[in-house]
Amino acid sequence: MLPSRFEYHRAETLDEALSLLATYGEDAKVLAGGQSLIPMMKLRFAYPGHLVDVNRVPGLDGIEERDGALRIGALVRHHALETSELIRSRYPTIAAAAPQIADPLVRNLGTIGGSIAHADPAGDLASVMLALGATVVLRSSGGSRELPLREFLVDTFTTQIRPDEMLTEIVVPAAEPSSGGTYLKQERKVGDWATVGVAVALTLRDGRIARAGIGLTSVGLTNLEATEAEEALAGAEPTDEAFAEAARLAAAAAHPVSDVRGSAEYKRHVVDVYVRRGLARAREMAAA
Ligand SMILES: Cc1cc2nc3c(=O)[nH]c(=O)nc-3n(C[C@H](O)[C@H](O)[C@H](O)COP(=O)(O)OP(=O)(O)OC[C@H]3O[C@@H](n4cnc5c(N)ncnc54)[C@H](O)[C@@H]3O)c2cc1C
């Protein structure tokens, strides 16, 4: 199908993009990689009157550590995450997830900002960022604000972003020593969306768990943070028993639905298995 009529605007600067969003408000949509927006428009689930193409806006495609945080620009493509030496060497949860997103064509165009702003609970990166305790930076012509990702995600395809705002950056606390993490994704075939995805991040200190993060994909109305499981792990010894209890709590926090990818009961079971497996893998990395 063809999308409904729209006017195309190519912003050359961030100020120009924000001014266009302020002018057209609810009738405008940011166009990043187009990997979710264009299919939605073709299906007429979305019919914005104005598209604000931000692909040429400079300064939004950096991956760098600054001021105690990893800062990822909204226009960073999935492929750039997959091939970044900084990500590979210090952020194993992101490194594990990036190559599992879709296929190479989608990864060449799709952006982290688009993935998170789109708020599809089947998206992989939001779970990773929940596990890492990330925040998002939102800019408008009037200023900027920073929100924890867990507050930013409201419902399926719904976030706290205002029509005049753009997501410009994802901020992740800098990797600590003795840390590990991974992303485990159950998919029907390579390139598919997750039947279930589990992101884990673990930091050990003096033989105990200083911080644990667990994000879940495709088992709720948004990507979920398994907060009870995280709290149960904080301060505990990193034993198989502690991991089994956290996995039980994470599975209880999941709200999957039965569909072509599997029954709700099966998906909850996969959450349990993957949380245990992911934490054990993260423990190995943290201890190495
Ligand atoms: C065949 C296929 C398979 C896929 N499989 C997977 C998968 O397995 N896992 C996965 O995680 N994803 C998957 N995706 C989605 C892909 O990762 C998209 O890249 C991502 O969901 C959206 O990123 P985008 O840059 O293309 O955003 P766009 O499509 O350009 O935009 C998506 C939405 O976000 C808004 N938006 C974009 N950028 C910003 C911004 N900076 N600020 C504010 N709003 C913004 C847009 O207005 C739009 O509403 C798949 C897509 C396709 C086509």
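Helices (H or I, at least four residues) and strands (E, at least two) are DSSP runs, numbered from the N terminus. Everything here comes from a predicted model, where local features need pLDDT of at least 70, side-chain atom pairs count only at pLDDT 80 or more, and totals for chains, interfaces and linings use all residues. Residues are numbered from 1 along each chain as its sequence is written.

View 1. Strands of a sheet pair through backbone hydrogen bonds, either parallel or antiparallel.

**View 2. Strand 12 beside strand 13.** Nine bridges join residues 196–205 to residues 208–217. Look for Leu202: it stands opposite Ala212 in strand 13. The loop between these two strands holds Asp206, which has a positive phi of about 50° although it's not a glycine. Most residues other than glycine have a negative phi. Asp206 counts as exposed because it has 6 C-beta neighbours inside 10 Å (buried means 20 or more other C-beta atoms within 10 Å, exposed 12 or fewer, partly exposed in between, with C-beta atoms placed from the backbone).

**View 3. Ser178, in the loop between strand 10 (166–173) and strand 11.** Here's another non-glycine residue with a positive phi, near 55°. Ser178 has 15 C-beta neighbours inside 10 Å, so it counts as partly exposed.

How values were computed. Pairing = 2+ DSSP bridges.
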